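Hi,

Here is the structure I promised to pass on to you. Have a look through it first, and my notes follow below.

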Amino acid sequence: MIKIYPMAVYLHMLANLALGGFFLASAGFKLASPALFVEQIAAFGLIWPSLIPPVAWGLIALELCAGV
């Protein structure tokens, strides 16, 4: 039987909160200036120009979901 130490549970919860907060903060910065984020994605030139805005908003939504 595996024994779980209480401190390990708190560290795990703290790590989850930190990672979720990181994703939420990242999405928040992108939501503050979505046009700049669209320009940054376009600068890579990896996707067709007509798909850049939906991809940008999709990434922001994905980060929000990962953070929550």
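**Surface and overall form**

The protein has an accessible surface of about 5500 Å², and carbon and sulfur atoms account for 78% of that. Areas of this kind come from the Shrake-Rupley method with a 1.4 Å probe, and for residues only the protein chains shown count as cover.

Before the details, a word on the basis. This is a predicted model, in which local features need pLDDT of at least 70 and side-chain atom pairs count only at pLDDT 80 or more, while totals for chains, interfaces and linings use all residues. Residues are numbered from 1 along each chain as its sequence is written, and side-chain values use heavy atoms, with hydrogens and water left out.

The protein holds three helices and zero strands, where helices (H or I, at least four residues) and strands (E, at least two) are DSSP runs numbered from the N terminus. Along the sequence the pattern reads α-α-α. The C-alpha trace spans about 55 × 25 × 15 Å along its principal axes. The radius of gyration is 17 Å, whereas a compact globule of 68 residues would come out near 11 Å; the radius is taken over C-alpha atoms, and the globule rule is 2.2 Å times the number of residues to the power 0.38.

Of the 68 residues, 16% count as buried. Here buried means under 20% relative accessible area, exposed means over 50%, and partly exposed is in between (1.4 Å probe, protein chains only). Taking contacts between residues at least 6 apart in sequence, 53% join residues at least 24 apart; a contact means heavy atoms within 4.5 Å.

**Helix α1**

Helix α1 covers residues 6–32, 27 residues in total, and reaches 39 Å from its first C-alpha to its last, close to the 39 Å expected at 1.5 Å a residue. That expected span is 1.5 Å times one less than the number of residues in the helix.

P6 lies in α1 and is exposed, with a relative accessible area of 56%. From P6 to L17, eleven residues along in sequence, the C-alpha to C-alpha distance is 17 Å.

Which residues of α1 are buried? They are G20, S26, A27 and K30. The buried residues of this helix pack against α2 (34–44) and α3 (52–67). A27, leaving aside its neighbours within four places in sequence, is in contact with I60, E63 and L64.

A search of the whole structure finds one aromatic pair. The ring centres of F22 and F23 are 6.0 Å apart and their planes stand at 70 degrees, so this pair is edge-to-face. For reference, rings of Phe, Tyr and Trp (its six-membered ring) pair if their centres lie within 6.5 Å, and planes under 30 degrees apart count as stacked, over 60 as edge-to-face and the rest as tilted. F22 is exposed at 54% relative accessible area, while F23 is partly exposed at 26%.

**The nonpolar core**

What makes up the largest nonpolar core? Six residues do: A27, F37, I41, I52, A56 and I60. Both α2 and α3 supply at least two residues of this core, and the largest share, three residues, comes from α3. A nonpolar core is defined as a set of buried Ala, Val, Leu, Ile, Met, Phe, Trp, Tyr and Cys residues joined through side-chain atoms within 4.5 Å.

I52 is found in α3 and counts as buried at 8% relative accessibility. Leaving aside neighbours within four places in sequence, I52 is in contact with V38, I41, A42 and I47. A42, located in α2, is partly exposed at 37% relative accessibility. The C-alpha atoms of A42 and I52 are 6.5 Å apart, for a separation of ten residues along the chain.

L59 is another residue of α3, and it is partly exposed, with a relative accessible area of 36%. Beyond its neighbours within four places in sequence, L59 is in contact with F37 and I41. L59 and A27 are 32 residues apart in sequence, and their C-alpha atoms are 8.4 Å apart in space.

Best wishes
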